[in-house]
Amino acid sequence: MMSDYIYKNPFLPSGVDGYCALTCCMGVMNYFWNTSFCRQNNWEMMKVMKGGNYSWEEILDLPEIAYRLERLGFSITFCSSMSQKKFSDYLAHPKEMIFEIMDKKYHHFIKDEFFLVPAYDFKIDLNDVYFEKKVLENSSIKKQYDIDVLSYIQKNQNEDTLFIVGLSSHILHDEPLPEWHNGGHVVIVSEINDEEVIIHDPWVPTLRYYPVPKKRFLAAVQDPWEYSFIQVHYYNGNSEI
């Protein structure tokens with residue numbers, strides 16, 4: 001359980017459409033550092049998370065978040081449902097392997113070696129695995145493979161740890177998926193109890209400390225492709241990493 005004494009609650013700001021991952025990063029900082037970053041800080045914080053190089057066209061994905069948060073002093077574990085070999089194969093041949101690790105119903109978003117996100121007019125270069133490789137090269141970032149997200153979070157959760165998880169927003173909220181949307185979304189998970197997953201969702205309406213049935217959460221995580229998520233820990237003087 002989170003401690004209201006040590007950490008600010010609610011800590012997650014209301015997000016801007018298309019910037020859920022960035023909002024989760026600001027939420028992590030607010031939670032551990034007692035800052036008050038909010039949607040008005042999007043431009044400045046995106047510059048921080050992009051190492052000063054942001055032109056309004058890039059998005060944040062989980063490997064880049066893992067790399068940047070480690071640089072900011074957080075203890076990071078990058079977790080993947082893939083085996084270590086399959087993850088290595090993906091990095092060696094990303095544009096070919098994407099068809100194996102992504103659900104077939106989303107293949108029509110792939111065009112000319114880009115994954116199109118028409119809902120936000122973004123496109124993702126499928127050959128760009130720069131930050132995946134940076135994560136692998138960084139010995140300070142722990143790596144875990146063949147991970148079951150529910151059991152891993154339930155085993156490692158505590159008040160000094162948050163989890164940033166990519167999933168399908170439409171499955172998470174039990175909503176229909178429009179044909180022009182892939183449902184990609186990022187949330188923070190703080191806790192899993194016997195029945196539910198406690199999420200902090202940056203999209204409207206901003207949902208803080210919101211319980212989701214385990215079965216629906218797992219379906220949302222498993223839907224798009226072989227999944228990954230980030231364990232974020234911060235040493236505050238009251239706990240050990």
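Residues are numbered from 1 along each chain as its sequence is written, and side-chain values use heavy atoms, with hydrogens and water left out. Because the model is predicted, local features need pLDDT of at least 70 and side-chain atom pairs count only at pLDDT 80 or more, whereas totals for chains, interfaces and linings use all residues.

The chain contains 9 helices and 10 strands; helices (H or I, at least four residues) and strands (E, at least two) are DSSP runs, numbered from the N terminus. Of its 241 residues, 50% are buried, where buried means under 20% relative accessible area, exposed over 50%, and partly exposed in between (1.4 Å probe, protein chains only). The accessible surface of the chain comes to about 11800 Å², and carbon and sulfur atoms supply 50% of this area. These areas come from the Shrake-Rupley method with a 1.4 Å probe, and for residues only the protein chains shown count as cover. Among contacts in the chain with a separation of 6 or more, 63% involve residues 24 or more positions apart; contact means heavy atoms within 4.5 Å.

Seven strands form an open sheet with mixed pairing, in the order β5-β1-β10-β6-β7-β8-β9. Two strands are taken to pair if DSSP finds at least two bridges between them. From one strand to the next, the twist averages 30 degrees.

Within this sheet, strand β7 (residues 184-192) has 8 of its 9 residues buried and is therefore largely enclosed by the rest of the structure. Strand β6 (residues 161-168) pairs with β7 in the antiparallel sense over 6 bridges, with Gly166 opposite Val186 in β7. The pairing of β7 with strand β8 (residues 196-201) is also antiparallel and runs over 4 bridges. Here Val189 stands opposite Ile199 in β8. A hairpin of 3 residues connects β7 to β8.

A further open sheet consists of 3 strands in the order β2-β3-β4, with antiparallel pairing. Its edge strands are β2 (110-111) and β4 (122-125); each has a single partner strand, so one side of each is left without a neighbour in the sheet. Strand β3 (residues 114-117) pairs with β4 over 4 bridges in the antiparallel sense, and the bridge partner of Leu116 in β4 is Lys123.

Helix α1 (residues 20-33) packs against α2 at an angle of about 90 degrees, with the axes 10 Å apart. Axes are lines fitted to C-alpha atoms, for helices over the stretch in contact, and angles run from 0 to 180 degrees between N-to-C directions. The two helices, α1 and α2, are therefore roughly perpendicular to each other. Leu22, Cys25, Met26 and Met29 of α1 make the contact with Asn42, Met45, Met46 and Met49 of α2. Angles under 35 degrees count as roughly parallel, over 145 as roughly antiparallel, 65 to 115 as roughly perpendicular and the rest as oblique.

Salt bridges number 6, each defined as a side-chain nitrogen of Lys or Arg within 4 Å of a carboxyl oxygen of Asp or Glu. The side chains of Lys50 and Glu64 form one of them, at 2.8 Å from N to O. Lys50 lies in the loop between α2 (42-49) and α3 (62-71), whereas Glu64 lies in helix α3, so the pair ties together parts that are 14 residues apart in sequence. Lys50 is buried, with a relative accessible area of 9%, and Glu64 is likewise buried at 4%. Glu64 also forms a salt bridge with Arg68 (3.7 Å, N to O). Both residues of this second pair, Arg68 and Glu64, lie in helix α3, 4 residues apart, about one turn of the helix, and both are buried.

Another salt bridge joins the side chains of Glu100 and Lys86, at 3.8 Å from N to O. Glu100 belongs to helix α5 (residues 94-101) and Lys86 to helix α4 (residues 84-92), so this pair ties together parts that are 14 residues apart in sequence.
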